[in-house]
Amino acid sequence: MAKSIDVTDLSIYYGDFLAVEKVSMTIEPKSVTALIGPSGCGKSTFLRSLNRMHEVIPGARVEGKVSLSGQDVYGPTVDAVSVRRHIGMVFQRPNPFPTMSIYENVIAGVRLNGGRLPKARLDEVVERSLRGANLWNEVKDRLDRPGSGLSGGQQQRLCIARAIAVEPDVLLMDEPCSALDPISTLAIEDLIADLKANYTIVIVTHNMQQAARVSDRTGFFNIEATGQPGRLVEMDDTTVIFSRPSQQATEDYVSGRFG
Amino acid sequence: MTAVNAPTETPTETDAAPGLESHRHLGTGATWGLTGAGLAGGALLGLLAGSWAVGAVAGLLLVLVALPGVSWRVEGARRGKDRAFTVVVTVAFLLALLPLLSLIYSTLTNGLARFDPEFFTSDMRAVLGEGGGALHAIVGTLLITGSATLISVPIGIMCAIYLVEYGKGRLARMVTILVDVMTGIPSIVAGLFAFALFSIFFGPSIRFGLGGAVALSLLMVPVVVRSVEEMLKLVANELREASYALGVPRWRTIVKVVLPTAGAGIAAGVTIAIARVIGETAPLLIIAGSTTNLDWNIFEGRMMTLPVFTYESYMIPGVPPEPGVDRAWAAALTLMVIVMGLNLAARLIARLFGTKSR
């Protein structure tokens, strides 16, 4: 199930523009890794390169190595589509499919991949995923209603349920709470703590308290100036990053004295 | 206890914060009264001049002067201008609506005379003078337009998918330009194209329904491409990303996520395209021909259509002319009813299969 990710000297380009330069890190299985840093420092780009989602943008390419428990994600014979089946993703804005009901949204990954399962098995997947996303009790009586009728926080948890329904090894979260209110944010953070038992989680966040609350390890990204590539300044246990980081820039950032 | 909270003084205009102007307001009654007075004045002038057109124009002009004028004096300059533009916009709306209402009215009054069962159950074989019907034309129109839809909708949707999801660079730009050019093709040219194409294979006397369908689809494809393209562009990119992130390949994302999300809009666009071509006369006159007989075979033989039937019944009504003219109006009415039905069907489809929100 949960797998580790090893990144070695990863540089990410958009066309000729170097967006992220030479990042190396190791992400342990069944842990929560938070990526923090100012806007535009490339942390989202880095996150999306882990499951090759950035390839959707024309001209995007990478140099360096990403491996999932030893298997090269960018290997010449590796299919980007199968990478994404192993490394799921949750986005900043909740994006349930508007033509589908709650039930259909959860099994979208199974069904859209052409999988045919008997109804009983699908029911099982839906209940397990919705329970996993802590949403089951709120929606179990209205599974046939459209997913877009839920509140923002519920929609985001529906998206998490949809992502874990295909049983990925790793779950990437790109600022999953930035469009949500504090109550919904709390619900998602509790959920992240639960999900840690089964999944490797990487979360990008602007909220440093959130990083401190949910993560085991924290990586700090920074850029020197606009137009310069983003770099991983420091990565360490979250408690270390927020109490006695080794880099001055990290300390300035986490203590709010940045810039 | 309310006395404690009650204000010690009733607020007056002098209590208003400095700089906030207060003004008098023209009520609903006064507004409508002024409008009515203006129109009545116009009607009076029209009676004096002996022309209803003079009356209508004078009435509208009077309202345009009276209502904003009074409002300017009573309510101030800004509200006066607001009234003036409200009147202008309303008049423009009425002017746009007028031809439509007149058209519906005259088609109904003239067309109902022969809008009877016989009209829908018989063709024009061996009919001279009264009687006869447009069954052959209705069947022809449905067959030819249906085939044109079958040809152009798949081509149009796939072309739009290419432009939105795959097309990059020179080829996509060229396709876009070609589609724009095709939108402007005169329908007679489309008919001549189909005729020229099929006379290569079947000789210059070729007339058949499918040729008409090809001509119509030439007109339909660009309309379908344009409207579907717009609808696909409206589908949020986040939905595509959500699908990719689940490990769904691109083509499945398009088929299962993008197209259903845009489904209602696509259905509406296709209906508009059908409505655009169902009334075409010129191309069908050339390639589908005209006949008095019912023909179910689209691949062979001349095929009558409602627009051509209307045209011929009106231009060559026979002696005496009244039955032919009545049939022409009834056919026009039938065509309008079909288009109306299509529009309703599109709305129904949009409601049934559209994005669910609640």
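This is a predicted model: local features need pLDDT of at least 70, side-chain atom pairs count only at pLDDT 80 or more; totals for chains, interfaces and linings use all residues.

Biologist: What does chain B span along its principal axes?

Modeller: The C-alpha trace of chain B spans about 95 × 75 × 45 Å.

Biologist: And how many helices and strands does chain B have?

Modeller: Chain B has 15 helices and 0 strands.

Biologist: Into which domains is chain B divided?

Modeller: There's domain 1, covering 27-113, and domain 2, covering 120-353. Their centres, taken over C-alpha atoms, are 39 Å apart.

Biologist: How many residues does each domain put into the contact between them?

Modeller: Domain 1 of chain B gives 5 residues and domain 2 of chain B gives 6. On the domain 1 side that touches domain 2, you'll find 2 nonpolar residues, 3 polar ones and no charged ones.

Biologist: OK, switching to chain A. What is its radius of gyration?

Modeller: Chain A has 18 Å, and that agrees with the value near 18 Å for a compact globule of 259 residues. Its C-alpha trace spans about 55 × 45 × 30 Å along the principal axes.

Biologist: What is chain A built from, in helices and strands?

Modeller: In chain A there are 11 helices and 10 strands.

Biologist: What share of residues counts as buried in each chain?

Modeller: For chain A, 46% of the 259 residues count as buried. For chain B, the share is 36% of the 358 residues.

Biologist: Let's look at a strand then. Is E3 of chain A enclosed or open?

Modeller: Strand E3 of chain A, residues 32-36, is largely enclosed by the rest of the structure, because 5 of its 5 residues are buried.

Biologist: Which way do the residues of E3(A) point?

Modeller: A:Val32, A:Ala34 and A:Ile36 point one way, while A:Thr33 and A:Leu35 point the other way. Residues on both faces are buried.

Biologist: Which strands does E3(A) pair with?

Modeller: One is strand E8 of chain A, residues 200-204, which runs parallel to E3(A) and is joined to it by 4 bridges. There, A:Val32 stands opposite A:Ile201. Another is strand E9 of chain A, residues 217-222, also paired in the parallel sense with E3(A) over 4 bridges. In E9(A), A:Gly219 is the bridge partner of A:Leu35.

Biologist: I also see an open sheet in chain A. What is its strand order?

Modeller: That sheet of 4 strands has the order E2-E1-E4-E5, with antiparallel pairing. Strand E2 (17-27) and strand E5 (71-72) of chain A are the edge strands, as each pairs on one side only.

Biologist: How many bridges hold E4(A) and E5(A) in their pairing?

Modeller: Strand E4 of chain A, residues 60-68, pairs with E5(A) over 2 bridges, in the antiparallel sense. A:Ser67 has A:Asp72 in E5(A) as its bridge partner.

Biologist: Which helix packs on that sheet?

Modeller: Helix H1 of chain A, residues 43-50, packs on it and touches strand E1 (5-14), E2 and E4 of chain A. The direction of H1(A) makes about 115° with that of E1(A).

Biologist: Now, where the two chains meet, how many residues does each give to the contact?

Modeller: Chain B gives 21 residues and chain A gives 24. On the chain B side, helix H10 (237-245) and helix H11 (250-261) are the elements that give two or more residues. The largest share comes from H10(B), with 7 residues.

Biologist: How does the chain B side split by class?

Modeller: The side of chain B that touches chain A has 9 nonpolar, 5 polar and 7 charged residues.

Biologist: Last one, B:Val277. Where does it lie, and is it buried or exposed?

Modeller: B:Val277 lies in helix H12 of chain B, residues 263-278. B:Val277 is buried, with 25 other C-beta atoms within 10 Å; the cut-off for calling a residue buried is 20 or more.

Biologist: Which residues does B:Val277 touch, leaving out those up to four places away in sequence?

Modeller: B:Val277 touches B:Thr145, B:Ala148, B:Leu216, B:Leu219 and B:Met220. Take B:Leu216: B:Val277 and B:Leu216 are 61 residues apart in sequence, but 6.2 Å apart in space, C-alpha to C-alpha.

Definitions and conventions
Residues are numbered from 1 along each chain as its sequence is written. Chains are lettered from A and ligands numbered from 1 in the order in which they are written. Domain bounds come from an automatic or database domain assignment. Two residues are in contact if their C-beta atoms, placed from the backbone, lie within 7 Å. Ala, Val, Leu, Ile, Met, Phe, Trp, Tyr, Cys and Pro count as nonpolar, Asp, Glu, Lys and Arg as charged, and the others, Gly among them, as polar. A residue is buried if 20 or more other C-beta atoms lie within 10 Å of its own, exposed if 12 or fewer, and partly exposed in between; C-beta atoms are placed from the backbone. Two strands pair if DSSP finds at least two bridges between them. Axes are lines fitted to C-alpha atoms, for helices over the stretch in contact, and angles run from 0 to 180 degrees between N-to-C directions. The radius of gyration is taken over C-alpha atoms; the globule rule is 2.2 Å times the number of residues to the power 0.38.
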